Amino acid sequence: METMVATTERTITRTDAPMAETRHLAETARERAARYVFAGIRIALGWTFLWAFLDKVFGLGFATEAKNAWINGGSPTKGFLTFGAAGPFADFYQGIAGAAWADVLFMGGLAAIGVALLLGIGMRVAAVAGAVLYVMMWTVVLPPENNPFMDEHLLNAALLVGLALVNAGATLGLGTTWAKLPIVRRFPWLR
């Protein structure tokens, strides 16, 4: 008995090659569903980064109270890095807690990674930056509370890299349009 597989036609254009290469591929329903699942995960992770930024800037009362908001003079790195850091890197993190440069880098990273993931642009840069930020957050409290070494920070770091590898920005995002920009064609690592 033959199994019927639903397919749709799609065109793939490689924009990182000197001359654009176009192939027509049949996409199964499973592949199409996978693209949308990965796009949804990309958007969800993007929202977590952007939400952390917004909460710390405005003190929306979820992780940051209004009196500790960045716009009210609070430091997004001081409290947790001063009192929450534990393990082999505690001295390092306590040493940078509340430093203006650390606050700016942390907040800029949260905003840029969040926007890039939500829009599906700059996925390679966002994946690397997000993975580095997740690994750094993992190293703040070692060992993790519920496992000898593994927690959601490491899983999300790996997931971000995977999302960049499967080009998750092209579905429900601006990744395909972004890849056609002259600067991105010239410097493919910006994809």
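**Helices 5 and 6**

Q: What do the buried residues of helix 6 pack against?
A: In this predicted model, they pack against helix 1 (29-58), helix 4 (100-119) and helix 5.

Q: Which residues of helix 6 are buried?
A: His153, Asn156, Ala157, Leu160, Leu163 and Ala164. They cover an arc of only 125° around the axis, so they sit on the same side of helix 6.

Q: And which exposed residues are on the face turned away from that buried side?
A: On helix 6, that face carries Leu155, Ala158 and Leu165.

Q: How do helix 5 and helix 6 pack, angle and distance?
A: Helix 5 (residues 123-140) and helix 6 (residues 152-165) pack at about 170°, and their axes are 8 Å apart. Angles over 145 degrees count as roughly antiparallel, so that is how these two helices run relative to each other.

Q: Which residues meet there?
A: From helix 5, they include Ala127, Tyr134 and Trp138; from helix 6, they include Asn156, Leu160 and Ala164. The residues of this contact divide into 13 nonpolar, 3 polar and 1 charged.

Q: Switching to helix 5: what do its buried residues pack against?
A: Helix 1, helix 2 (78-83), helix 3 (90-96), helix 4 and helix 6. Among the buried residues of helix 5 are Met123, Gly130, Leu133 and Val140.

Q: What span should helix 5 have, and what does the model give?
A: At 1.5 Å a residue, its 18 residues should span 26 Å, and the end C-alpha atoms are 25 Å apart, which agrees.

Q: What about the span of helix 6?
A: Its 14 residues should span 20 Å, and the end C-alpha atoms are 20 Å apart, which agrees.

How values were computed. Residues are numbered from 1 along each chain as its sequence is written. This is a predicted model: local features need pLDDT of at least 70, side-chain atom pairs count only at pLDDT 80 or more; totals for chains, interfaces and linings use all residues. Side-chain values use heavy atoms; hydrogens and water are left out. Axes are lines fitted to C-alpha atoms, for helices over the stretch in contact, and angles run from 0 to 180 degrees between N-to-C directions. Helices (H or I, at least four residues) and strands (E, at least two) are DSSP runs, numbered from the N terminus. Angles under 35 degrees count as roughly parallel, over 145 as roughly antiparallel, 65 to 115 as roughly perpendicular and the rest as oblique. Contact means heavy atoms within 4.5 Å. Ala, Val, Leu, Ile, Met, Phe, Trp, Tyr, Cys and Pro count as nonpolar, Asp, Glu, Lys and Arg as charged, and the others, Gly among them, as polar. The expected span of a helix is 1.5 Å times one less than its number of residues. Buried means under 20% relative accessible area, exposed over 50%, partly exposed in between (1.4 Å probe, protein chains only). The arc is that of the directions from the helix axis to the C-beta atoms.
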